[in-house]
Amino acid sequence: MTTVVSVGAIMHEIQLRDAKATLSAVVDHACAGEPAIITRHGKPTAVILSYAEWERLSRVPSFGRLLMSAPLDEADFPERVESGLREVEF
């Protein structure tokens with residue numbers, strides 16, 4: 001098992017065949033706040049994390065939603081230049 005350090009969390013990397021053999025332990029670790037990355041042929045394939053952690057992450061607003069909810073008004077935007085399109089050489 002390899003340990004992978006990501007932003008804000010430590011995740012353990014486990015091969016698929018080992019995850020199959022010890023699924024109950026992998027789930028117990030995820031419930032205890034230790035998520036795992038399951039690899040197949042050395043490439044990350046899936047992530048096991050607790051349901052509570054998944055619920056928390058599923059409520060994080062997208063970047064687009066954050067932009068749309070920003071408290072902006074017309075004065076926050078620069079004046080639009082109406083001079084037309086530029087000439088571009090190819």
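Contact here means heavy atoms within 4.5 Å. The model is predicted. Work through the exercises with the structure open.

**Exercise 1. Surroundings of Ser 50**

Task: Leaving aside neighbours within four places in sequence, find which residues Ser 50 is in contact with. Then decide whether Ser 50 is buried or exposed.

Solution: 
- Step 1. Locate the residue. Ser 50 sits in the loop between β4 (43-48) and α3 (51-58).
- Step 2. Apply the contact rule. With neighbours within four places left out, Ser 50 is in contact with Ala 30 and Cys 31.
- Step 3. Check accessibility. Buried means under 20% relative accessible area. Ser 50 has 13%, so Ser 50 counts as buried.
- Step 4. Look at the side chain. A polar atom of the Ser 50 side chain lies 3.1 Å from the backbone nitrogen of Glu 53.

**Exercise 2. A salt bridge in a helix**

Task: Which residue forms a salt bridge with Glu 53?

Solution: 
- Step 1. Side chains of opposite charge can pair when their charged atoms come close.
- Step 2. Find the partner. Glu 53 forms a salt bridge with Arg 56, and their closest N and O atoms are 2.7 Å apart.
- Step 3. Compare with the cut-off. A salt bridge needs a side-chain nitrogen of Lys or Arg within 4 Å of a carboxyl oxygen of Asp or Glu.
- Step 4. Explain the spacing. Glu 53 and Arg 56 are three residues apart in helix α3, so about one helical turn separates them.
- Step 5. Glu 53 is partly exposed, at 30% relative accessible area. Arg 56 is partly exposed too, at 48%.
- Step 6. Count. The total comes to one salt bridge.

**Exercise 3. The nonpolar core**

Task: Which residues make up the largest nonpolar core? What does Ile 38 touch, not counting residues up to four places away in sequence?

Solution: 
- Step 1. Name the members. The core has five residues: Ile 14, Ala 19, Val 26, Ala 36 and Ile 38.
- Step 2. Follow Ile 38. Its contacts include the core members Ile 14 and Ala 19.
- Step 3. Complete the list. Ile 38 also touches Leu 16, Lys 43, Pro 44, Thr 45, Ala 46 and Ile 48.

**Exercise 4. A loop residue with positive phi**

Task: Where is His 41? Is His 41 buried or exposed?

Solution: 
- Step 1. Locate it. His 41 is in the loop between β3 and β4.
- Step 2. Classify it. At a relative accessible area of 76%, His 41 is exposed.
- Step 3. Read the backbone angle. Phi of His 41 is near 55 degrees, a positive value in a residue other than glycine.

**Exercise 5. The whole chain**

Task: How many helices and strands does the protein have? What is its radius of gyration?

Solution: 
- Step 1. Count. There are four helices and four strands.
- Step 2. Read the order. The pattern is β-β-α-α-β-β-α-α.
- Step 3. The protein has 23 Å, while a compact globule of 90 residues would have a value near 12 Å.
- Step 4. Check the spans. The C-alpha trace covers about 65 × 40 × 20 Å along its principal axes.
- Step 5. Check burial. Of the 90 residues, 12% count as buried.

Notes
Residues are numbered from 1 along each chain as its sequence is written. This is a predicted model: local features need pLDDT of at least 70, side-chain atom pairs count only at pLDDT 80 or more; totals for chains, interfaces and linings use all residues. Side-chain values use heavy atoms; hydrogens and water are left out. Helices (H or I, at least four residues) and strands (E, at least two) are DSSP runs, numbered from the N terminus. Buried means under 20% relative accessible area, exposed over 50%, partly exposed in between (1.4 Å probe, protein chains only). A polar contact is a pair of N or O atoms within 3.5 Å; within protein, one must be able to donate a hydrogen and the other to accept it, and residues adjacent in sequence count only if both atoms are side-chain atoms. A nonpolar core is a set of buried Ala, Val, Leu, Ile, Met, Phe, Trp, Tyr and Cys residues joined through side-chain atoms within 4.5 Å. The radius of gyration is taken over C-alpha atoms; the globule rule is 2.2 Å times the number of residues to the power 0.38.
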